[in-house]
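Subject: A structure for you to look at

Hi there,

Here is the structure I promised to pass on. Please open it beside this email, and I will walk you through what turned up.

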Amino acid sequence: MRDSSTGSTAQPSRRTVLAATVGSTAALAISTTAPARAADDHHAEASLRSLVSRMTLEEKVGQLFVMRVYGHSATAPDQADIDANLREIGVRTAAELIAKYRVGGIIYFTWAHNTRDPHQIAALSNGIQQASLAQPRGLPVLISTDQEHGIVARVGRPATLFPGAMALGAGGSREDARTVGRVGGAELRALGIRQDYTPVADVNVNPANPVIGVRSFGADPDAVAGLVAAEVKGYQGSGVAATAKHFPGHGDTAVDSHFGFPVITHSRELWSALDAVPFRAAIRAGIDSIMTAHIMVPALDPAGDPATLSHPILTGILREELGYDGVVVTDSLQMEGVRTKYGDDRVPVLALKAGVDQLLNPPSLDVAWNAVLNAVRGGELTEARLDESILRVLRLKAKLGLLRDPYVTDGGVDRAVGVAAHLRAADRIAERTTTLLLNQRGLLPLSRRSQVNVLVLGADPASPSGTDGPPTTVLARTLTELGFAATALSTGTAPTQAAIDRAVAAAKGKDAVIVGTYNVTATGSQKNLVEQLVATGVPVVAIALRNPYDVAHLPSVDACLATYSWTDVELRAAARVIAGKVKPRGRLPVAVQRADEPAQVLYPIGYGLTY
């Protein structure tokens, strides 16, 4: 039967299958009993084990890998993408990657040119599945991506882009989080993407965290847990595997594991009370997959290995203590955090020995693939160990309907991706996230009668998806649509004195200035820009485009809002708040410390003003 929202084949229930097979209404009643369900499950498991038993060792090794590949097409990518594939992978196309290595998964990236537009993505997904199923004993590919929304989004407009995790944390609505998962999942499934590496389950208690930050729902473990579980249910209710990340918790680090090897110094007790809470909630919610972190947690494993390679953490804690038996996927094996201690030929082998099921994006697939193959041939890994992980991956593929029908349709894309109802839902959710932190003398909302001439300036960071922005233009356009005379001036994330001088000159004679800030520091030129704008005497409204901690460095502004991201949906919502079309309703999901006394809290969790 067809799923009208995705164009893919929907999974028939056990009741439907049994009724069709037996052909009697009595069978419908029988099928709901525990013995019938158990028999169904036993038969399905036996079928999967039979698939595994027919695989060659090389095919088994391939099933464990999830790999990047350049190009918008599985068979006819652009020449530049062919060249990149040859240079990095030794193949020309996705189809050749599958034929050579029999990979079980492929991950989409914007920079790999996999996600140009919805119909192209769907065609790429179909091409990948066709190439894989054409192989001897071919199996469908589990296609994945990082569609967190907010500041991490691989699929851009015209798909629906929602506020990110910390914005949802500010909104505080589990129903909104579930809607993001339900709608976002339906759109991904229509594109042939069945595994999403979200939600971020890290509890961001470190304001200096350079890699998680606003990707986290916040600093309160129970609040994060509730939103994680809601989003999991949303995604998986739409037939897309959610992935809680980054186990055992990446929220308290000042080092980015893309470029270094972070060490988390939490005690076992603190880890259990803080970092573990959202992962427990995800497991209770039935999470399909969990992603590992390339971090060292000495209290959980004193050996000094990254969690990705730690048997005590992945098997001892995640599998045995937390009772999780779903798919475990590594974070990207290209990242420095997992390559610091061991060579690229040891990492995949050690990850499997630790308890990992999917090996994501190794720097050299040839090195990693052969390392696993040789580890089995040499006796370091058993074929039974590989079978264990392959079965977990196959169970997930079966649950997602891939073993029955992995293809998608153009009609399914048109019915699901970026439709008006989804876009309206994103706007409504965004309006509940904008957080007003400062409003001196009731400056906001601005008056369209007495404060009509507005200058919008500040940072214009690149669009996360490459399909929206720039922020100053979006804010000015939206304010103009709302009845203001707004002009935009980009000054960048590190404005020069010349740029500051131009901004100050442009501000003179305006009724108000709106300045977008991006990770302000005590000594940075963004702070200097804001101070010189304030000195003009024109009312200044700051919008913290990313981290809400910016407000601690901007005590002299007249008003300050936090949007937690600079995507269009959040900026439009901020403009509507500034114009008084909606009231600010967001509440800080993290505490903001004083800039001069970081041990003191300036604004606590739960703080937020309204009109």
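Let me start with helix α15, whose buried residues are Leu365, Ala368, Trp369, Ala371, Val372, Leu373, Ala375 and Val376. Buried here means under 20% relative accessible area, while exposed is over 50% and partly exposed lies in between (1.4 Å probe, protein chains only). Please keep in mind that this is a predicted model, in which local features need pLDDT of at least 70 and side-chain atom pairs count only at pLDDT 80 or more, whereas totals for chains, interfaces and linings use all residues. Residues are numbered from 1 along each chain as its sequence is written, and side-chain values use heavy atoms, with hydrogens and water left out.

The element names follow DSSP runs numbered from the N terminus: helices are H or I with at least four residues, strands are E with at least two.

More on α15

This helix covers residues 365-377, 13 residues in total, and spans 18 Å from its first C-alpha to its last, close to the 18 Å expected at 1.5 Å a residue. The expected span is 1.5 Å times one less than the number of residues. What do the buried residues of α15 pack against? Their partners are α4 (57-63), β1 (65-67), α6 (94-101), α14 (347-354), β10 (359-360) and α16 (383-399), where contact means heavy atoms within 4.5 Å. Just after the helix, glycine 379 has a positive phi of about 95°.

The eight-stranded sheet

Eight strands make an open sheet with parallel pairing, in the order β9-β8-β7-β6-β3-β2-β1-β10. Two strands pair if DSSP finds at least two bridges between them. At the edges stand β9 (327-329) and β10, each with a single partner strand, so one side of each has no neighbour in the sheet. Strand β8 (residues 289-292) runs parallel to β9 and is joined to it by three bridges; isoleucine 290 has valine 328 of β9 as its bridge partner. Helix α15 comes back here: α15 packs on the sheet, touching β1 and β10, and its direction makes about 175° with that of β1. Angles run from 0 to 180 degrees between N-to-C directions, and axes are lines fitted to C-alpha atoms, for helices over the stretch in contact.

The six-stranded sheet

A second open sheet has six strands in the order β11-β16-β15-β14-β12-β13, with mixed pairing. Its edges are β11 (435-439) and β13 (485-490); each has a single partner strand, so one side of each is left without a neighbour in the sheet. On average, neighbouring strands of this sheet are turned by 20° against each other, direction ignored. Strand β16 (residues 559-562) runs antiparallel to β11, and four bridges join the two. Among the residues involved, asparagine 439 has alanine 559 in β16 as its bridge partner.

Helix α19 (residues 471-481) lies across β12 (453-458), β13, β14 (512-517) and β15 (540-544), at about 175° to β13. Helix α21 (residues 525-534) lies across β12, β14 and β15, at about 170° to β14.

Which way do α20 and α21 run relative to each other? Helix α20 (residues 497-507) and α21 pack at about 25°, with their axes 10 Å apart. That makes α20 roughly parallel to α21, since angles under 35 degrees count as roughly parallel, over 145 as roughly antiparallel, 65 to 115 as roughly perpendicular and the rest as oblique. The contact includes Ile500 and Val504 of α20 and Leu529 and Leu533 of α21.

Helix α18 (residues 420-431) and helix α22 (residues 568-578) have axes that come within 9 Å and cross at roughly 55°, and are therefore oblique to each other. Ala426, Asp427, Ala430 and Glu431 in α18 meet Val569, Glu570, Arg572, Ala573 and Arg576 in α22.

Backbone details

Two peptide bonds are worth a look. The one from lysine 245 to histidine 246 is cis, with omega near 5°, and histidine 246 lies in strand β7 (residues 241-247). The one from leucine 444 to proline 445 is also cis, with omega near 0°; proline 445 sits in the loop between β11 and β12.

Histidine 149, in strand β4 (residues 147-149), has a positive phi near 75° although it is not glycine. Its relative accessible area is 4%, so histidine 149 is buried. Tyrosine 564, in the loop between β16 and α22, has a positive phi near 70° and counts as buried at 2% relative accessibility.

Best wishes
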